[in-house]
Amino acid sequence: MKAAEVVVIGGGVIGSAIAYNLAKAGVDVALCDRAHPPAGGTASGASAGGVRQQNRVGAELDLALRAIAIWRDLESELDADLLYRRDGMAICIDDERLLPALRRRIDGERAGGLLDVRLADGDELRRIVPDLSREIVAGSWCESDGHADPIRTTIGFQRAAGARGARIHPDTPALDVLRAGGRVQAVLTPQGPLPCRTVVLAAGPWTPALLKKLGCELPIRPGCLQMQATAAMPARLRPVLGWVGHGISLKQVPGGAYVVGGGWPGRGEPERYQADVIPESMRKSAAVVVGLIPALVGVPVVRAWVGWESFSEDDQPVIGALPGIEGVLIAAGFSGHGFALAPAVGEQVARAVVGGKIPDVLRPVGPDRFAASPAGGAKA
Amino acid sequence: MDIEGDDVVLCRCQAVGAGMVMAAIAGHGLVRCDQVKKLTGAGMGPCQGRVCGPLLAAALAAAGVAGDPGPLRVRPPLRPVPLGVLAAGAEALAEPRGTVSAKVLWGLSAGEATLTLEPEVGVGPGLTPESPAASAPKPAPGGERP
């Protein structure tokens with residue numbers, strides 16, 4: 001296979017955004033994926049599509065603020081309709097005893113630079129979302145949050161990367177990272193070695209298997225996301241809704257369907273690339289929707305689907321250079337809330353590769369934050 | 001088969017025209033029905049590709065794609081189930097003679113009617129009761145945090 005300066009492993013929204021930003025910076029980059037990305041059964045195929053800044057901490061909030069600045073012009077930059085809507089998001093509570101914690105969260109986010117987030121009482125939220133349950137007493141409201149289509153966004157990044165010279169290799173699983181003399185030589189694929197000098201591991205829950213080949217171990221485990229969607233309905237709900245303690249992210253997409261995600265899991269065997277819907281998760285998730293917006297009781301669910309995501313030990317992404325292994329970077333472990341961050345992650349990882357130095361915004365989420373494990377890297 | 005312009009509707013549920021499908025196939029080099037579904041939304045509606053599935057295969061053939069275009073993936077609940085029926089599903093399945101009333105709104109030109117459904121009418125084969133161990137999933141702690 002034709003050599004590249006950098007190979008990105010994994011064609012989800014994160015890997016695609018990284019490949020795009022590298023190509024935009026003039027780097028000779030190839031992206032390989034085991035299937036035809038975004039593959040079925042992956043996180044980018046089963047993302048809820050939330051583009052939010054609120055309810056994040058630390059480096060994730062910094063990345064989200066930067067990401068939203070990019071999202072504003074992303075559709076014209078990529079020349080693609082990503083179905084991006086910035087109509088706000090409310091995270092609701094149904095118990096006044098949760099108010100102090102909600103206030104603390106909002107204050108923390110405002111101190112962290114998210115000035116759009118504020119407290120709204122139940123009546124104000126019902127003016128924004130007329131059908132909202134009377135049970136809701138308050139919520140955090142952020143008018144610059146929103147949602148977009150994860151599949152269109154993934155493909156949009158890939159096509160824009162291709163237009164800037166990146167080579168996209170579908171149906172090309174990465175079997176190993178070959179090294180010699182302490183340097184990366186190639187990514188091994190069934191089609192032969194793909195020579196390169198730098199590798200970015202963005203393979204979600206399949207990243208640890210590649211790390212193991214490199215003699216490295218990080219606390220990243222697979223978790224199965226489950227989604228469901230209704231038939232197309234007249235446009236009625238503009239913001240995204242969450243509900244503390246209930247595992248829901250609810251939105252109505254421009255096509256008219258209500259799309260429900262938020263934490264009720266699926267199941268399966270990620271090592272076999274196999275994932276199944278859990279019917280009980282469909283029921284619980286439906287009950288939460290009807291609890292939040294009782295008027296949706298008669299809206300028919302038409303499909304449910306699932307995909308594997310990688311969750312890190314501390315619920316924060318793992319982005320940066322692998323300690324002790326030259327030429328290998330990682331961007332994984334987004335723990336179910338990485339989609340919105342993808343434009344900023346792509347930008348910052350490309351900056352790390354081009355500049356040879358990890359940008360400050362990524363330092364708190366580097367893989368070196370985890371206590372060095374016995375297998376911790378330095379075999380190179 | 002002549003399926004060129006957007007005046008020919010391939011997917012009625014999602015209002016996806018032949019022009020959009022053919023452009024997606026040509027523009028993205030698609031070779032399988034599932035890829036067309038992901039990119040255009042065809043087959044994602046209430047009928048879940050029962051009508052448009054064969055038409056997507058025909059569109060791929062018309063675009064000169066050789067080989068098996070594959071099926072559209074089958075998604076639960078196999079036929080549309082109102083949210084309220086689904087929400088009541090756990091209890092309703094335990095009490096199979098019970099009924100669930102739900103206002104049924106359908107599609108963009110929605111009329112409104114109240115139907116009384118036997119739960120097993122709306123609850124497809126994918127929704128048989130689970131074993132006790134698997135029947136109580138919790139929201140994943142790290143899912144899209146609400």
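**Figure 1. The loop that holds D171(A).** In this predicted model, D171(A) is found in the loop that connects β9 with β10 (176-180) of chain A. The phi angle of D171(A) is near 55°, a positive value in a residue that is not glycine. D171(A) counts as partly exposed because 14 C-beta neighbours lie inside 10 Å, a count between the limits of 12 or fewer for an exposed residue and 20 or more for a buried one.

**Figure 2. The loop that holds Y273(A).** The loop between β18 (267-269) and β19 (274-276) of chain A contains Y273(A). Although Y273(A) is not a glycine, its phi is positive, at about 55°. With 16 C-beta neighbours inside 10 Å, Y273(A) is classed as partly exposed.

**Figure 3. Helix α5 of chain A and its surroundings.** Helix α5 of chain A spans residues 150-163, 14 residues in total. From its first C-alpha to its last the helix reaches 20 Å, close to the 20 Å expected at 1.5 Å a residue. Most of α5(A) is covered, since 11 of its 14 residues are buried. Among the buried residues are P150(A), I151(A), R152(A), T153(A) and T154(A). The buried set also includes I155(A), G156(A), F157(A) and Q158(A), together with A160(A) and A161(A). Within chain A, the elements that cover these buried residues include α1 (13-24), β2 (29-32), α2 (58-78) and β9 (167-169). Chain B also takes part in this cover, through its helix α2 (33-40). Just after α5(A), G165(A) adopts a positive phi of about 105°.

**Figure 4. R104(A) on helix α3 of chain A.** R104(A) is placed in helix α3 of chain A, which covers residues 99-111. Is R104(A) buried or exposed? R104(A) is exposed, because 10 other C-beta atoms lie within 10 Å, and a count of 12 or fewer defines an exposed residue. A second residue, H169(A), is 65 residues from R104(A) in sequence. In space, the C-alpha atoms of R104(A) and H169(A) are 46 Å apart.

**Figure 5. The two domains of chain A and the contact between them.** The domain assignment divides chain A into domain 1 (6-49 + 151-218 + 314-369) and domain 2 (87-145 + 221-312). The C-alpha centres of domain 1 and domain 2 of chain A are separated by 28 Å. Contact between the two involves 20 residues of domain 1 and 18 residues of domain 2 of chain A. On the side of domain 1 of chain A that touches domain 2, the residues comprise eight nonpolar, 10 polar and two charged.

**Figure 6. Chain A as the setting of these views.** Chain A contains eight helices and 22 strands. Its C-alpha atoms fill a box of roughly 65 × 40 × 40 Å along the principal axes. The radius of gyration of chain A is 21 Å, which agrees with the value near 21 Å for a compact globule of 380 residues. Of the 380 residues of chain A, 60% count as buried. Among contacts in chain A with a separation of 6 or more, 73% join residues 24 or more positions apart. The average pLDDT of chain A is 95, and 98% of the residues score at least 70. Over residues 374-380 of chain A the pLDDT stays under 50, and the model has 18 contacts for this stretch beyond four places in sequence.

**Figure 7. The cis peptide bond of chain B.** P76(B) and P77(B) are joined by a cis peptide bond, with an omega of about 5°. P77(B) is situated in the loop between α3 (53-62) and β3 (81-82) of chain B.

Figure 8. Six helices and five strands make up the secondary structure of chain B. Their order from the N terminus is β-β-α-α-α-β-α-α-β-β-α. Of the 146 residues of chain B, 42% count as buried. Residues 24 or more positions apart supply 52% of the contacts in chain B with a separation of 6 or more. Chain B has a mean pLDDT of 69, with 57% of its residues at 70 or more. The pLDDT is below 50 over residues 92-135 of chain B, a stretch with 75 contacts in the model beyond near neighbours in sequence. Residues 141-146 of chain B also stay under 50, and the model has 29 contacts for them beyond four places in sequence. For the complex, the predictor gives an ipTM of 0.89 and a pTM of 0.87.

How values were computed
Residues numbered from 1 in each chain as written. Chains lettered and ligands numbered in written order. Predicted model: local features only at pLDDT ≥ 70, side-chain atom pairs only at ≥ 80, totals over all residues. Helix = DSSP H or I, 4+ residues; strand = E, 2+ residues; numbered from the N terminus. Expected span 1.5 Å × (residues − 1). Contact = placed C-beta atoms within 7 Å. Domains from an automatic or database assignment. Nonpolar A, V, L, I, M, F, W, Y, C, P; charged D, E, K, R; others polar. Rg over C-alpha atoms; globule rule 2.2 N^0.38 Å. pLDDT = per-residue confidence, 0-100.
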